[in-house]
Amino acid sequence: MEIHLSIHESREGWVSLETDPRLSRTKERLYDRCLPCLTDLLEQLKTWPREIRLTHAWSCWKVVAVVESRDEGLAVLHRFSEAYPDAYVYGKLGTGRGRDTVAVMFHTEDEDRRDELEAMLRSVVDRHFPGRRVFSSRGCGDPYERLLGPWPRWRRTARIRRPEAVDAVRRDLRAALYGRG
């Protein structure tokens, strides 16, 4: 199966990708998981808590290949779809805050699928793009890691380890959810 890209790019520079040309799983995930998760986090941060409850972020996994450019990211997706023509994937392609590399990111809510996707992506990257990094992580690194530190230390109810980041995270969440105006 071919992997399709959205024609729209987010304000942060991400483009959604999915095996389904209508990006139906991506849209469903956005409205059923991502927006409620980030809205809940913003609501929790309004009270200056010492800890936060991880809702959807607890069972949200990302499998990532870090590459040098958007063109290389597109080449990774092409090679992946050649190597695994029956694999259904969804995720995004782009760059994170302050980074000069590009990420090819697959999403899943299942740890077994996370491990499977990581092995598949690693095999493609090792074969065709040696030296590029492949890894998995939990939840949205931005904003959650900005507050809680590295994901392996998170718990369902996690202590805020970086309280100095709360103001900036709240501001960024409001901008992402409601716009800058």
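1. Conventions come first. Residues are numbered from 1 along each chain as its sequence is written. Since the model is predicted, local features need pLDDT of at least 70 and side-chain atom pairs count only at pLDDT 80 or more, while totals for chains, interfaces and linings use all residues; side-chain values use heavy atoms, with hydrogens and water left out.

2. The sheet is open and has six strands in the order β1-β2-β5-β6-β4-β7, with antiparallel pairing. Its edge strands, each pairing on one side only, are β1 (4-9) and β7 (133-138). On average, neighbouring strands are turned by 25° against each other, direction ignored. Helices (H or I, at least four residues) and strands (E, at least two) are DSSP runs numbered from the N terminus, and two strands pair if DSSP finds at least two bridges between them.

3. Now for β6 and its partners. β4 pairs with β6 in the antiparallel sense over seven bridges, and A65 has V104 as its bridge partner in β6. Four bridges join β5 to β6, also antiparallel, with L93 opposite V104. On its own account, β5 (residues 90-94) pairs with β2 (residues 15-18) over four antiparallel bridges, where L17 stands opposite G91.

4. How enclosed is β6? Seven of its seven residues are buried (under 20% relative accessible area with a 1.4 Å probe, protein chains only; exposed is over 50%, partly exposed in between), so β6 is largely enclosed by the rest of the structure. V102, V104, F106 and T108 point one way, and A103, M105 and H107 the other. In a regular strand, side chains alternate between the two faces of the sheet.

5. Next, α1 against α5. The axes of α1 and helix α5 (residues 166-178) come within 10 Å and cross at roughly 140°; axes are lines fitted to C-alpha atoms, for helices over the stretch in contact, and angles run from 0 to 180 degrees between N-to-C directions. The two helices are therefore oblique to each other, a class left over once angles under 35 degrees (roughly parallel), over 145 (roughly antiparallel) and 65 to 115 (roughly perpendicular) are set aside.

6. Finally, the contact itself, where contact means heavy atoms within 4.5 Å. L35, L38, T39, L41, L42 and L45 in α1 meet residues of α5 including V166, V169, L173 and Y178.
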